[in-house]
Amino acid sequence: MPQDASKHAPVIIVTGTPGTGKTTHAQLLAEESPVPLLHINVGEWVKEKGLYDTYDEEWQSYTVDEDKLLDELEPLASAGGIILDWHTSDIFPERWADLVVVLRCDHTQLWERLEKRGYPLKKIQENNEAEIMEIVLDEARSSYAPEIVVELKSEGTEDLESNVARIVQWIESWKHDREQSSTET
């Protein structure tokens, strides 16, 4: 777990199977956070900055150049104050993360959300299976200390509001702990 006292704000990874509400959560969290947080939708960032090798037509997705991506994100993560919003978390070094939020959704509801996005059937099936098999949650749990990984239900507006309020409380505690430790040294 990172203990870089120079960070003014935490690095929060919001992850989950596509369609679980990562971007909506991250946007609302950036608005409601008691400390300034920059929301980075990693998938969009990859496209905008050309941090990919190829585009896979069948899966309608980019093959990310992970080295380029991590090189781009390193200075931001080191400074703190970012929300990384992506469907996977295990690519990010453990030292970056102060909190890893894994959003979960009922697979029937997830299927409907992905259909509304116009995903091809094969991609809907793969993502639905990943959600059922808890692939993203398992990745987070195997990549980060258990005390920083939080699994949250994301099936509606009530969940969204409750989850963001919970993360805001965590940020307030994070900030308080930092202030306490800096006065003790």
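## A loop residue between helices 5 and 6

Glu134 sits in the loop between helix 5 (121-132) and helix 6 (135-143). The structure is a predicted model. In this model, phi of Glu134 is near 60°, a positive value in a residue other than glycine. Most residues other than glycine have a negative phi.

Buried would require a value under 20%, and exposed a value over 50%.

## A loop residue between strands 3 and 4

Where does Gln60 lie? Gln60 belongs to the loop between strand 3 (52-56) and strand 4 (61-64). Its phi is near 55°, which is positive although Gln60 is a residue other than glycine.

Gln60 has a relative accessible area of 40%, so the residue counts as partly exposed.

## A negative surface patch

Which residues form the negative surface patch? The patch consists of Glu31, Glu32, Glu158 and Glu161.

Glu32, one of the patch residues, lies in helix 1. Glu32 has a relative accessible area of 43% and is partly exposed.

Note on methods:
Residues are numbered from 1 along each chain as its sequence is written. This is a predicted model: local features need pLDDT of at least 70, side-chain atom pairs count only at pLDDT 80 or more; totals for chains, interfaces and linings use all residues. Side-chain values use heavy atoms; hydrogens and water are left out. Patches are made of residues with over 30% relative accessible area and no salt bridge: like charges are joined within 9 Å, nonpolar side chains (Val, Leu, Ile, Met, Phe, Trp, Tyr) within 5 Å. Accessible areas come from the Shrake-Rupley method with a 1.4 Å probe; for residues, only the protein chains shown count as cover. A salt bridge is a side-chain nitrogen of Lys or Arg within 4 Å of a carboxyl oxygen of Asp or Glu. Lys and Arg count as positive and Asp and Glu as negative; His and the chain ends are not counted. The place of a charge is taken as NZ of Lys, CZ of Arg, CG of Asp or CD of Glu. Helices (H or I, at least four residues) and strands (E, at least two) are DSSP runs, numbered from the N terminus. Buried means under 20% relative accessible area, exposed over 50%, partly exposed in between (1.4 Å probe, protein chains only).
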